[in-house]
Amino acid sequence: MASSLIRVILGDDPPSRLDKALARDVPDEAHLSRSRLSRLIAEGAVSKDGAPVTDAKARVAAGEVYEVRVDEAAEVDTAPEDIPLAVVYEDADLVVIDKPAGMVVHPAPGTPGATLVNALLHHFGGSLSGVGGEKRPGIVHRIDKDTTGLLVVAKSDAAHHGLAAQLEDHSMTREYVALCHGVPDPGDPRLRGVRGTSFELGGVLKITTRLDRHRTDRQRQAVYFDRGRHAVTRVTVDEAFADQAALIRCRLETGRTHQIRVHLSHAGHALIGDQIYGGRRRINAKVLGAAAADAAAAFPRQALHASVLGFDHPVTGERMEFQSPMPADMAALAALLRG
């Protein structure tokens, strides 16, 4: 049975027990929940210095290195599916896709099919490879199901490792456009009092926190300052719609799960349409009009679009940058807010 090894180095101040520490520090792209890790520990699939560790409650220390063996057979069986794809760029080593809203990137127990990976296997299956040379897409980063925009997929091992390294050292450019509630204004005393927020030159809002799974809802992420993974988002206001909403650009320094959505919610400027992190905030119809208020309230997804993607080609070394215009649904909502 084929398997893959995931190397986990425990960061500073780890939780006191092994399962919690691994859940905090395992790479996001592994998609391993604490309960899944606990099962893997019990099965002897977690080792330290070559020896299995089977006690989920074992004490740990910062800097310790663990290997987690994940059998390929445990993954969702993925079949090629003839799903249209918006291919922005393709060569022998990689492909850049403009993902539509509603498409999940990778199969999961709740979404076994109709994903980007299913579509890639159909369109490019003969030339795709992942870690270890298996013929599957080399997914190096993800976009939430209801977020639109650009992502790059590796077609070769060299591309996969090279792109992953750029994600790790933060040299890959990822910029998003979004519509948020309120206006992130440097003159707002409330915002200056929010822990983890600061302003840089040019009125750029910098949000620096740690992110980890929510204490009670494992499907959500939450802001922490004493646990979790370091996360930095920079936000620039492109256009303000009175004091009710804004068209913003978000630049990722790190790329944690739901990072922009959680950070904007923490700052008090949740994304319009975000059903998980958006809260109860609404556009004031008296300020922007009933049409804008109704459209914002009914917007069916988080108003977030991955608009810019830049990286060094992992084989040729050429710097590449791609741009995607704002999708029609967001453009229509912005026009109503503006009008």
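Contact here means heavy atoms within 4.5 Å. With that cut-off, R174 is in contact with H141, L167, C250, R251, L252, T254, G255, V308 and L309, leaving aside its neighbours within four places in sequence. R174 lies in strand β9. Its relative accessible area is 8%, and buried means under 20%, so R174 is buried.

The structure is a predicted model. The mean pLDDT of the chain is 90, and 94% of the residues reach 70 or more. Residues 130-134 have a pLDDT below 50. In the model this stretch has 14 contacts beyond near neighbours in sequence. Where pLDDT is low, the predicted coordinates should not be read in detail.

The interior comes next. In soluble globular proteins, nonpolar side chains tend to be buried together. In this model the largest nonpolar core has 36 residues. Those with the most contacts inside this core are L85, L116, L120, Y176 and I248. Several elements each supply at least two residues of the core: the strands β6 (94-99), β8 (148-154), β9 (173-181), β11 (204-213), β14 (245-252) and β15 (304-312), and the helices α3 (116-124) and α6 (259-266). The largest share, 6 residues, comes from α3. Apart from this core lies another, of 21 residues, with I6, L40, V46 and V53 among them.

Of its 9 residues, 7 are buried, so α3 is largely enclosed by the rest of the structure. The buried residues are L116, V117, N118, A119, L120, L121 and F124. What covers them includes β5 (87-90), β6, β7 (138-139) and β8. L85 touches L116, A119, L120, H123 and F124, and also I97 and M103, not counting residues up to four places away in sequence.

In the loop between β6 and α3 sits A114. The phi of A114 is near 60 degrees, a positive value in a residue other than glycine. With a relative accessible area of 46%, A114 is partly exposed. H170 also has a positive phi, of about 65 degrees, although it is not a glycine. The place of H170 is in the loop between α4 (157-168) and β9. H170 counts as partly exposed, at 42% relative accessibility.

V232 is found in strand β13 (residues 229-241) and has a relative accessible area of 2%, so it is buried. V232 touches K206, I207 and T208, as well as R251, L252, E253, T254, Q259 and H263, not counting residues up to four places away in sequence. V232 and G255 are 23 residues apart in sequence and 8.3 Å apart in space, C-alpha to C-alpha. G255 is also one of the residues in contact with R174.

A267 lies in the loop between α6 and α7 (285-288). Although placed in a loop, A267 is buried, with a relative accessible area of 0%. Not counting residues up to four places away in sequence, A267 touches R190, L191, V194, T197 and I207. From A267 to I207 the separation is 60 residues in sequence and 7.9 Å in space, C-alpha to C-alpha. I207 is also among the residues that V232 touches.

G11 is partly exposed, with a relative accessible area of 25%. Leaving aside its neighbours within four places in sequence, G11 is in contact with R24, D25, A62 and G63. The C-alpha atoms of G11 and A21 are separated by 8.6 Å, and these residues are 10 apart along the chain.

The last stop is a pair of helices. The axes of α8 (residues 290-298) and α9 (residues 328-338) come within 8 Å and cross at roughly 145 degrees. The crossing of α8 past α9 is left-handed. From α8, the contact is made by A291, A292, A295 and A296, and from α9 by L333, L336 and L337. These residues divide into 7 nonpolar, no polar and no charged.

Definitions and conventions
Residues are numbered from 1 along each chain as its sequence is written. This is a predicted model: local features need pLDDT of at least 70, side-chain atom pairs count only at pLDDT 80 or more; totals for chains, interfaces and linings use all residues. Side-chain values use heavy atoms; hydrogens and water are left out. Axes are lines fitted to C-alpha atoms, for helices over the stretch in contact, and angles run from 0 to 180 degrees between N-to-C directions. Helices (H or I, at least four residues) and strands (E, at least two) are DSSP runs, numbered from the N terminus. A crossing is left-handed if the near helix is turned anticlockwise from the far one by less than a right angle, and right-handed if clockwise. Ala, Val, Leu, Ile, Met, Phe, Trp, Tyr, Cys and Pro count as nonpolar, Asp, Glu, Lys and Arg as charged, and the others, Gly among them, as polar. pLDDT is the predictor's confidence in each residue, from 0 to 100. A nonpolar core is a set of buried Ala, Val, Leu, Ile, Met, Phe, Trp, Tyr and Cys residues joined through side-chain atoms within 4.5 Å. Buried means under 20% relative accessible area, exposed over 50%, partly exposed in between (1.4 Å probe, protein chains only).
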